[in-house]
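Let's go through some labels and ask what backs each one up. Have the coordinates open and follow along.

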Amino acid sequence: MSSATLDLNSLPEEGLCHDVFEYKGLLRKDGVLVSSIAVKNLPMTLPYELNFSRYIYASLYPIESLPAFELHPYPERGEHEDHYRFEWLKFLKYLYERDKVVPITVDGWQLFISPPRVSPTERSSVRVCYRKSPNNDRPPAQVIPPAHQQPAAPPARQFANGNGQPRQATERASRVERVQQTATPPNPRRFGQMHPSYLQTLAQLHASWQFGGLAELVDNSRDAHATRINISISMVKLRGKPELTPMLKVEDNGKGMNHGEIVRMLQFGHKRPTEYDQDQIGHFGVGFKSGSMRLGKDVIVLTQSKDSRSIGFLSTSYNADKEVLEVPIVTYRYIHGVMELDESVQTEEQGKASLQAVKTFSPFNEFEIGSLFDKVGDGNGTSIFIYNLDRWGKDYALKWDDEEASKCRKERDITIRSGRVRARPSQTSKEIPLDYSLRAYLEVLFLDPRMIISVQGSKVKTKRLAQSLNKTSRRRGNVCNIPVELYLGRSPVEYNRGNCGIFLYWHGRLIEGYKRVGGMLHSADVGRGVIGVIDVTTLMEHEDGRTSVLNTKQAFEDCEEYAMLEQWLGDQFNDYWNTQFDRLEVIRNDKAHFEPDREWVQCDKCRKWRKLPGGVHSRDLPDEWFCYMKPYERTCNEPEEKAEEDVVTVGVNRSSAPPLLPAKDVTPKVEVEGEDEEPVVIKRQTRKSSAASTTPAKQTPARGRIYDPLLRSVGDGSGGL
């Protein structure tokens with residue numbers, strides 16, 4: 001690469017500034033000549049030709065504080081002189097009228113040709129800001145070393161500038177030395193790299209159950225405050241494959257993601273937020289990656305926020321022949337009302353390369369991607385497309401009802417082809433649709449559902465499980481000095497299937513279902529049809545930010561809190577079964593027909609739950625129901641009724657409470673204050689002294705309060721309704 005030299009014998013050009021220039025060269029746009037250029041005081045050595053390929057908005061680059069030099073036009077005399085002047089003026093006017101900057105990276109330096117501050121002429125100069133390229137390991141090209149490292153040189157020649165004042169040629173060396181001293185030193189650190197096989201490792205997190213991976217995507221939609229989400233599988237044509245291929249789509253109308261947020265979602269782990277959000281499910285930074293890779297080999301994310309659109313591509317196929325895992329991301333943003341490539345977060349070359357990867361290895365081209373974004377319109381939302389789905393032998397692991405061919409069916413579904421039931425301790429029933437039916441799983445996935453969820457275009461009738469039981473009782477107590485609340489009741493559906501157990505929620509999201517406790521563990525008939533519902537958010541989270549929920553969100557850690565919770569749940573079930581068994585009706589023909597204590601229905605507009613009068617059943621109402629319809633016939637402005645008005649809070653009698661087994665170093669103890677109306681308390685009792693064991697433990701403010709998503713409020717755990 002050649003560089004320009006200073007010619008002290010050249011004569012001044014007529015019509016130009018009569019200065020002597022240190023640098024002369026050519027400025028090109030994508031190889032096409034714009035003009036010959038010159039610089040008087042150059043702080044570095046530049047190649048003879050400077051080539052650029054893009055313009056960026058000046059507002060995106062705060063470069064005013066950078067050092068700068070002046071770039072002058074220097075058209076050579078001859079037949080092309082007028083053409084050069086015209087092209088230079090056109091170039092400056094483009095920068096001036098559109099407020100654009102020209103970035104150029106060359107030999108370890110970043111140059112930014114700034115727009116003129118006043119209307120330009122064909123002889124106007126422009127300001128060029130410069131800085132060292134960040135994290136650049138190469139030395140700057142031909143930078144003159146400091147004086148103490150240079151060989152001895154003869155005295156510098158003097159020459160006159162335009163003002164006739166003497167100037168030493170060694171000033172250039174001093175300027176370069178100052179730039180070199182302030183430049184950022186190269187970063188010597190080297191980091192480990194991730195091989196594409198890590199995607200297969202992530203998929204193993206949900207290896208035992210595919211719906212665990214799909215639930216991760218639903219969690220993200222809930223965290224994005226979506227009110228609607230549609231999950232479907234349809235057949236598409238992939239490049240290079242003659243037959244149609246199924247593609248899983250998860251589409252929501254949440255707030256969408258900007259560039260930083262989609263990068264955070266696609267990177268492997270991230271810093272946990274410092275602010276606590278009791279409604280936030282995402283916690284570990286691996287849910288999207290592990291969930292999507294369990295379902296298929298390739299996934300495309302299209303997301304639109306208030307002022308940007310982004311495309312993310314997590315693909316096994318794209319990385320098949322690579323040694324380092326790559327995740328292409330391209331972001332566009334609204335600039336002056338037009339959607340353009342966001343060059344504040346990526347270069348034009350990076351954006352084009354990422355888009356080309358998506359077009360080459362996905363079913364979509366740029367026009368189809370644009371049409372998918374157009375479906376979102378002016379709103380926000382995220383669409384996830386997963387293809388090359390997981391296999392079960394020669395078939396796909398998932399089965400689905402065709403949206404078009406099954407329109408006559410009200411409840412279209414996506415199921416796991418194997419139809420296998422997940423293993424649970426002491427479970428004998430083989431009829432648990434939640435394990436193989438996506439519709440059944442989504443019905444109870446959230447403790448207080450607020451989204452309209454559709455599967456294959458068919459609406460899922462979500463329910464608040466705690467409010468759908470018969471002979472419901474609410475039991476309040478303390479486990480490890482943390483207030484907890486348990487709802488126990490009977491479910492006719494589960495009775496007919498031979499099921500029972502506790503549903504444990506964390507941040508209002510189901511973690512573990514049909515957990516057998518107490519007498520359920522020893523007999524299939526004990527507890528038949530009895531369902532418990534509890535939210536253990538405050539119990540399973542710690543003051544240092546840790547949580548006792550596994551990163552699959554399908555189980556809890558084996559910790560002291562969980563062990564003592566199991567004991568407390570067992571005691572509560574045993575007492576409920578012992579006190580309620582004689583009051584349960586004799587069920588003939590082995591089929592239960594009892595109804596919930598109170599029926600509820602959810603408005604499809606305001607998403608509030610409305611209590612139905614006696615004798616009215618939700619199954620008799622239309623699929624789409626609104627507050628103005630019968631039997632409610634009011635407006636959505638009416639406040640939501642509290643569910644606890646129909647629930648009786650009870651305690652455990654001393655005589656009916658079964659004894660607890662002592663744990664290592666901790667002796668669980670049941671304390672009851674009063675007769676059947678105070679909560680049951682399980683406390684940790686040390687072996688030091690009996691006096692110490694009777695002193696109630698001090699509750700910490702952060703963990704001594706009850707979070708009840710059904711009430712969407714916080715109580716003080718003092719008992720009562």
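Q: What makes D413 a buried residue without a salt bridge, and how far away is the nearest side chain of opposite charge?
A: This is a predicted model, so keep that in mind throughout. The nearest side chain of opposite charge to buried D413 is R439, 4.8 Å away.

Q: What does the side chain of D413 make a polar contact with?
A: The side chain of S437, at 2.5 Å. The cut-off for a polar contact is 3.5 Å, so that pair qualifies.

Q: Where is D413, and which residues is it in contact with beyond its neighbours within four places in sequence?
A: D413 sits in the loop between β20 (398–400) and β21 (414–416). Its contacts, leaving those neighbours aside, include K399, W400, S437, R439 and V455.

Q: How do you know whether K553 is buried or exposed?
A: The relative accessible area of K553 is 4%, which is under the 20% limit, so it is buried. K553 lies in the loop between α11 (537–540) and α12 (560–580). Not counting residues up to four places away in sequence, it touches E216, D219, I281, F284, W506, R509, L510 and I511.

Q: What accessibility class does D623 get, and why?
A: Partly exposed, because its 37% falls between the 20% and 50% limits. D623 is in the loop between β30 (609–611) and β31 (648–650). It touches K410, K459, K461 and D604, leaving out residues up to four places away in sequence. D623 and V460 are 163 residues apart in sequence, yet their C-alpha atoms are 9.2 Å apart.

Q: How do you know that the span of helix α7 agrees with its 14 residues?
A: At 1.5 Å a residue, α7 (residues 348–361) should span 20 Å, and its end C-alpha atoms are 20 Å apart, so the two agree.

Q: Which residues of α7 are buried, and what do they pack against?
A: The buried ones are E348, G351, S354, L355, A357 and V358. They pack against β13 (296–304), β14 (308–315), β15 (329–335), β16 (338–341) and α8 (366–376).

How values were computed
Residues numbered from 1 in each chain as written. Predicted model: local features only at pLDDT ≥ 70, side-chain atom pairs only at ≥ 80, totals over all residues. Heavy atoms only, no water. Helix = DSSP H or I, 4+ residues; strand = E, 2+ residues; numbered from the N terminus. Buried < 20%, exposed > 50% of the residue type's maximum accessible area, 1.4 Å probe, protein only. Lys, Arg positive; Asp, Glu negative; His and termini not counted. Salt bridge = Lys/Arg side-chain N within 4 Å of Asp/Glu carboxyl O. Polar contact = N/O pair within 3.5 Å; in protein donor to acceptor, adjacent residues only side chain to side chain. Contact = heavy atoms within 4.5 Å. Expected span 1.5 Å × (residues − 1).
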